[in-house]
Amino acid sequence: MKIAFVGKGGSGKTTLSSLFIRHLAATGAPVIAIDADINQHLGPALGLDEAEAAALPALGERLPLIKEYLRGTNPRLASAAEMIKTTPPGEGSRLLRVREDNPVYDACARAVELDGDIVRLMVTGPFTDADLGVACYHSKTGAVELCLNHLVDGQGEYVVVDMTAGSDSFASGMFTRFDITFLVAEPTRKGVSVYRQYKEYARDFGVTLKVVGNKVQGRDDLDFLRAEVGDDLLVTVGHSDWVRALEKGRPPRFALLEDVNHRALHRLRTAVDATYELRDAERYTRQMAHFHLKNAQSWGNERTGADLAAQIDPSFVLGESAVAATTV
């Protein structure tokens, strides 16, 4: 299952995504955690110190390796250089699976221990000195989109992505890559403005969107969120001494998280698992092709020198049935 956490900067989306990752790992579920925000905070939220977080391999710096592996023997791709962030898989492409070992994970993922449980962590990577003034951060997050386009995950397998702040996710088609999107909103006008924007942009794409109210301190905050987001409000989270200790770099054992917050995380997982039966592989693949064509029309063909529209395999559907059509 693919899960996105979004919200305005400072809403707490990284903290809540890290708590949800810990919750899943504590149950023994296989988890891939991806920091798709150019402000790299997920590693520290999962307990890494500053040096460990800085040493994480950046997806954006390993894009040639990622492209070469995913291309496989796809006859529609003459070379890895023709691939862009929206390139869809086709016959002969290699797919990524949550539980496997592969060259992409070897190069780009690191195992993180959480109270004895292990998750794979992947990060886009921060801006470097070479990027400053000349690079767009979407060139970094493009590696995440390419991996998600080629990822096959099943029931009981989880890919949790901490997304860019605000509505920047809509600068690409990545917002359609998820089974469910959790929008973290504070009980303020600014807090719910991102929700309205996200809801409007995602309206025509079948995005399952649920709101997690954060920093809720009382009945008035709860009533405000209910009035502003209605039935999309799934659960609320208030003050947590456990989170405060985490932010000081001294997290207790996860089992000691407050019971009310454990229950909130369980409710998130229940919502995630309920979306499995709603999966539509044909729509998922159609949307992938839609955004790839938009890239082809706007700038992709000129930059790569390739006919990007010809990269779309009309007979290919990215779902469990696609596994047999890919290389091993």
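The buried residues of helix H7 are covered by elements that include E1, strand E8 (180-185), strand E9 (209-214) and helix H8 (219-229). Here helices (H or I, at least four residues) and strands (E, at least two) are DSSP runs, numbered from the N terminus, and contact means heavy atoms within 4.5 Å. The model is predicted: local features need pLDDT of at least 70 and side-chain atom pairs count only at pLDDT 80 or more, while totals for chains, interfaces and linings use all residues. Residues are numbered from 1 along each chain as its sequence is written, and side-chain values use heavy atoms, with hydrogens and water left out.

Helix H7 itself spans residues 189-202. Its 14 residues reach 20 Å from the first C-alpha to the last, close to the 20 Å expected at 1.5 Å a residue; the expected span is 1.5 Å times one less than the number of residues. Within H7, Gly191, Val192, Val194, Tyr195, Tyr198 and Ala202 are buried. They lie on the same side of H7 because they cover an arc of only 145° around the axis, the arc being that of the directions from the helix axis to the C-beta atoms. Arg189 and Lys190, on the other side of H7, are exposed. Buried denotes under 20% relative accessible area, exposed over 50%, and partly exposed in between (1.4 Å probe, protein chains only).

Strand E9 leads on to a loop between E9 and H8, where lysine 215 is placed. Lysine 215 has a positive phi of about 60° although it is not a glycine, and it is partly exposed, with a relative accessible area of 38%. Lysine 215 is touched by glycine 10, which also touches Glu186. Glycine 10 belongs to the loop between strand E1 (2-6) and helix H1 (13-26) and is exposed, at 53% relative accessible area.

Definitions and conventions: Lists of a residue's contacts leave out its neighbours within four places in sequence.
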